[in-house]
Amino acid sequence: MQVQLQSFILFCSHKYKHKKTEINADGTINPHDIVCNISFLSDEPDIIGPDGIQKLCKDLHLDPEDIVMLVVAWKLNAENLGFFKFSEWSTGMGSLQCDSTKKLQSKLKSLKSLINDPVVFKKMYRYAFDFCRNKDQRSLDIDMAMEMLKILLSESWTLLDPFVEFIEQSDYKVINKDQWCNVLEFCRTVKSDLSNYDVDGAWPVMLDEFVEWFNNHPKM
C-alpha cells in the first residue's frame with residue numbers, strides 16, 4: 001500500500017535541454033516542447049513508473065502523499081494510480097504552462113488552494129475514487145480507500161480517525177462509489193457529536209453502522 005501511495009501520480013524525472021519553449025495563442029505550451037524538455041524514467045514506452053514520481057517529488061521538496069500531488073493528477077486527468085501516460089503528462093503540463101520542475105513548483109501553491117473551493121474539491125474527491133480503483137473492479141479496496149481518505153479529509157473531518165478505526169475492526173473489504181461519495185457528504189453535514197444525524201435518512205448502511213459503533217464508544 002505504501003509503495004502504491006508513493007507512486008501516487010507517476011511523473012517523470014527531468015533532464016532539461018536548452019531549448020526555448022514556444023507558447024501557443026491560447027497560452028498553453030506545445031506538447032512537443034514538453035517532450036523535448038523532459039526525459040522520462042519509465043519501464044516501458046510512454047508509461048512513467050514509480051521511480052519518476054520519487055525523483056520529481058524529491059526535486060519539488062514534496063512528500064509523495066501531499067494532497068497537492070493528487071490535485072496535479074486531477075488537473076492532468078490521469079486515469080490510473082501506478083501508471084502515468086506520456087500523453088496525459090505532455091497535454092496536462094502544456095495546459096498548466098509547465099515545461100520544467102521550477103515552473104511546476106511555482107504553481108503548487110495555487111494548485112493546492114483549489115481544495116478550498118467546495119465545488120472543486122467535490123469533483124476531485126469523486127475523481128480520486130476512479131483514479132485509485134482497479135479498473136477491472138467497480139469498488140475500491142478498503143485499505144486504499146482509507147489511505148486516500150487520510151490524504152483528502154485529514155484536515156477537515158474530526159471524525160476521520162474514529163471512522164478509520166471503525167472500518168479496521170469491521171468486515172468491509174471494499175467501498176463502492178455511493179458509499180465513497182456519501183462519506184464526503186457525511187463529513188460536510190453531520191456534526192462531530194453526531195447530534196444532527198438522521199437515523200431515518202438515506203445514508204448507506206456503512207455510515208449507519210459507524211454511527212451506532214461510535215455511540216457505543218464514549219471514549220471517542
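Modeller: Contact here means heavy atoms within 4.5 Å. The model is predicted.

Colleague: Which residues does Leu152 touch, not counting residues up to four places away in sequence?

Modeller: Leu152 touches Ile67, Leu70, Phe121, Met124, Tyr125, Ala128 and Trp180, with residues up to four places away in sequence not counted.

Colleague: Which residues have the most contacts inside the largest nonpolar core?

Modeller: They are Leu152, Leu153, Phe163, Trp180 and Phe186, in a core of 66 residues. Helix H8 (residues 142-153) gives the most to this core, namely nine residues. At least three residues come from each of domain 1 (31-114) and domain 2 (118-216).

Colleague: How do I read the two sides of a helix, and which residues are buried in helix H3?

Modeller: An α-helix has 3.6 residues a turn, so residues three or four places apart point the same way. In helix H3, which spans residues 50-60, the buried residues are Gly52, Ile53, Leu56, Cys57 and Leu60. These residues lie on the same side of H3 because they cover an arc of only 120 degrees around the axis. Asp51 and Lys58, on the other side of H3, are exposed.

Colleague: What follows H3?

Modeller: His61 does, and its phi is positive, near 60 degrees.

Colleague: Is Gln179 buried or exposed?

Modeller: Buried means under 20% relative accessible area. Gln179 has a relative accessible area of 14%, so Gln179 is buried. Gln179 is found in helix H10 (residues 177-189).

Colleague: What does Gln179 touch, not counting residues up to four places away in sequence?

Modeller: With that exclusion, Gln179 touches Tyr172, Val174, Pro204 and Met206.

Definitions and conventions
Residues numbered from 1 in each chain as written. Predicted model: local features only at pLDDT ≥ 70, side-chain atom pairs only at ≥ 80, totals over all residues. Heavy atoms only, no water. Buried < 20%, exposed > 50% of the residue type's maximum accessible area, 1.4 Å probe, protein only. Helix = DSSP H or I, 4+ residues; strand = E, 2+ residues; numbered from the N terminus. Arc of directions from axis to C-beta. Core = buried A, V, L, I, M, F, W, Y, C linked by side-chain atoms within 4.5 Å. Domains from an automatic or database assignment.
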